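Biologist: I would like to learn how to read a few features of a model. Please give the general idea each time, and then the case at hand.

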Amino acid sequence: MVTRIMRYAQIVDVLSKYGFGIGLEKLFPGRARFRLPTAGKTPETSTIYERIRLTLEELGPTFVKFGQIMSTRTELLPPEMIDQLKKLQDHAKPVTFSEIRAVIEQSCVSLDDWFAEFEETPVASASIGQVHRAVLKDGTRVAVKVQRPGIEELIETDIGILQSMAERIETVFPETRVYNPVGMVEDFSHQIVKELDFARDGRNADRMARNFRDVPGIRFPKIYWEYSSSRVLVMEFIEGVRIDDPESIMAMGHKPHEIGVRGFHAYLKMIFEDGFFHGDPHPGNLLVTAAGDIVFLDFGIVGVLRPEKRQNFINLLFALVNDDIELMLRSLEGFGIVIAEADREGLRDDLYLMMHDFSGGGGEGVSQLNFRLVVNELTETMRRYQLKVPMNLMLLLKVFMMVLDIGVRLDPKFNFGTEVTPYLSRLADANTLSAGYVKRASMSLLEAADAILDLPRNVNLMLRRLSTGTFKLEIVDTDLQKLQMALDKASDKIMIGLVVASLVVGSSLVLQSSQFVLPKEISYIAIAGYTAAVLVGFYAIYHVIFLRFRMER
């Protein structure tokens with residue numbers, strides 16, 4: 001059991017070791033100072049981003065996972081930092097077999113009751129759990145994924161510390177609020193809690209297996225639920241080579257290009273047809289069997305896309321392939337990205353320049369390399385305009401980049417545009433009259449019909465309230481004082497106009513309507529009235545025309 005105080009002390013020691021002690025003193029003045037050691041200097045060749053990566057690796061599984069998830073936030077973090085975070089490896093020293101046995105036997109009386117054989121040495125060991133080969137009583141070969149003892153308590157403690165540090169960072173360094181540290185930790189905490197539930201991992205595998213039951217060449221391990229729990233997952237053991245090993249794939253008699261295309265189209269189906277996709281496609285989680293099947297492993301991270309979000313992503317890819325800036329903007333807004341009106345024109349210009357720089361030109365389509373450059377520049381542009389991008393969009397872009405990397409390793413001539421454009425065209429045609437599209441159109445039509453049918457009742461209700469005096473009209477204005485001042489100025493101008501008109505009319509009547517000779521003094525008064533009217537008129541013209549012109553400038 002790691003208490004929060006002990007863990008806090010460990011974190012302070014590691015941060016100080018890699019040269020972050022000064023920042024820690026600013027975050028927690030007077031609290032961390034007693035823990036700061038007189039550590040040796042960090043290597044002069046280490047950049048701050050390298051030291052961040054080394055710090056995360058030494059702090060353990062929670063911080064490694066945090067760094068891995070943050071490596072997808074290319075719209076928020078500097079490219080140099082993203083490059084370092086991508087180097088984080090989720091490997092850990094295996095725990096002893098006696099500890100693993102204790103975890104398994106929390107679900108059964110004895111290990112021997114379930115397994116005829118159980119290899120004590122794990123075939124893989126990661127931060128959250130490790131995998132052992134075993135054989136069930138009926139002779140079935142299985143892989144047993146077992147959660148590390150005490151990992152839940154450690155992650156819970158670390159998340160609490162991360163949350164407090166994020167809050168302090170936003171308070172002490174207000175300029176970091178644009179990166180939303182508190183929101184980043186909240187997103188991470190939701191994700192890591194899901195990964196701790198191995199039963200959820202198994203349900204995700206079962207769902208994908210159902211989605212691909214009619215697709216040849218794609219496999220998902222069978223889950224043995226009678227032996228599984230939230231901390232132990234027993235699944236089918238499948239032999240294979242890593243998908244990024246073209247030499248081994250060719251040695252088994254298969255063409256790497258065909259494997260790459262099939263894997264790419266499997267992800268297209270997950271994203272655009274199923275709306276439920278594998279979110280961690282690094283080569284260790286994708287195997288190729290001797291029969292040429294692609295096997296997906298590790299379903300702790302998955303993405304979910306509602307139908308309208310799928311259409312937004314289809315539009316985004318069409319925009320990238322066809323250099324359509326307006327469609328790209330609409331697609332980004334469809335994902336909930338708020339673009340300020342003041343930034344819209346500048347963003348449109350930057351996106352146009354981006355597409356002009358990286359498009360293939362000459363009808364060649366978009367190559368894998370150019371597509372990667374476009375996506376990198378797109379995320380950099382979003383970071384520059386401080387656009388808040390939802391996690392599901394960044395996960396989508398990350399998955400696409402990882403799958404494209406695998407495709408180009410298998411075949412350097414793998415072309416994104418060649419593979420994705422026909423698929424999206426077919427999908428767009430199918431979606432035009434799909435059941436989901438018809439359903440959404442029918443619902444919109446029914447809602448419109450309901451509104452029309454309700455219209456007479458609503459009008460009658462309004463008239464009844466008007467006749468009984470119960471109708472209330474509420475006017476809300478954000479600045480009534482400004483409205484009052486504007487009305488006062490307008491009334492002043494009207495009053496001046498009336499005075500001028502009165503002077504002109506009165507003077508004219510005095511001079512023209514009298515039947516007898518007026519004294520000279522009366523004529524002088526009339527002339528003075530005309531003069532005053534002319535002066536006031538000029539003043540009014542100046543005030544209305546010239547001052548308004550100045551305000552418009």
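Modeller: Start with helix α12, which is mostly covered, as 14 of its 19 residues are buried. Buried means under 20% relative accessible area, exposed means over 50%, and partly exposed lies in between (1.4 Å probe, protein chains only). Helices (H or I, at least four residues) and strands (E, at least two) are DSSP runs, numbered from the N terminus. This is a predicted model, in which local features need pLDDT of at least 70 and side-chain atom pairs count only at pLDDT 80 or more, while totals for chains, interfaces and linings use all residues. Residues are numbered from 1 along each chain as its sequence is written, and side-chain values use heavy atoms, with hydrogens and water left out.

Biologist: What span does α12 reach from its first C-alpha to its last, and what is expected?

Modeller: The expected span of a helix is 1.5 Å times one less than its number of residues. For α12, with 19 residues, the span is 26 Å, close to the 27 Å expected. Gly275 follows α12 and has a positive phi, near 70°.

Biologist: Which residues are buried in α3, and against which helices do they pack?

Modeller: Arg51, Ile52, Arg53, Thr55, Leu56 and Leu59 are the buried ones. They pack against α1 (4–17), α4 (61–70) and α5 (79–85), where contact means heavy atoms within 4.5 Å. Helix α3 itself covers residues 48–59 and reaches 16 Å from first to last C-alpha, close to the expected 16 Å. Just after α3 comes Gly60, with a positive phi of about 105°.

Biologist: Where is there a positive phi at a residue that is not a glycine?

Modeller: Asp298 is such a case, with a phi of about 65°. Asp298 sits in the loop between β10 and β11 (302–304) and is partly exposed, at 32% relative accessible area.

Biologist: How many salt bridges does the structure hold?

Modeller: Side chains of opposite charge can pair when their charged atoms come close. The cut-off used here is a side-chain nitrogen of Lys or Arg within 4 Å of a carboxyl oxygen of Asp or Glu. The structure holds 22 salt bridges. One of them joins Glu58 and Lys17, at 3.1 Å from N to O. That pair links distant parts of the chain, with Glu58 in helix α3 and Lys17 in helix α1, 41 residues apart. Glu58 is partly exposed at 39% relative accessibility, and Lys17 is partly exposed at 38%.

Biologist: Which parts of the chain does the pair of Arg231 and Glu152 tie together?

Modeller: The side chains of Arg231 and Glu152 meet in a salt bridge of 4.0 Å, N to O. Arg231 lies in the loop between β5 (218–219) and β6 (232–236) and Glu152 in helix α8 (residues 151–172), so the pair ties together parts that are 79 residues apart in sequence. Glu152 is partly exposed, at 38% relative accessibility.

Biologist: Is Asp244 buried or exposed?

Modeller: Asp244 is buried, at 19% relative accessible area. Its salt-bridge partner is Arg242, with the closest N and O atoms 3.2 Å apart, and Arg242 is partly exposed at 43%. Elsewhere, Arg101, Glu105 and Asp112 are linked in a network of salt bridges.

Biologist: How many cavities of 30 Å³ or more does the structure hold?

Modeller: Rolling a probe the size of a water molecule over the atoms shows where empty space is left. On a 1 Å grid over the protein atoms alone, a cavity is a set of points where a 1.4 Å probe fits but cannot get out, and lining residues have an atom within 4 Å of a point. Points are joined across faces, edges and corners, and a volume is the space filled by probe spheres set on them. The structure holds 2 cavities of that size. The largest has about 90 Å³ of space, and its lining includes Ile243, Phe264, Tyr267, Phe296 and Val403. The elements that give two or more residues to this lining are α12 (256–274), β10 (294–296) and α17 (391–410).

Biologist: What lines the second largest cavity?

Modeller: Phe264, Tyr267, Ile271, Val399, Phe400 and Val403 do, around a volume of about 30 Å³. Here α12 and α17 each supply at least two residues.

Notes:
On a 1 Å grid over the protein atoms alone, a cavity is a set of points where a 1.4 Å probe fits but cannot get out, and a pocket is an open set with protein on both sides within 12 Å along at least five of seven lines; lining residues have an atom within 4 Å of a point.
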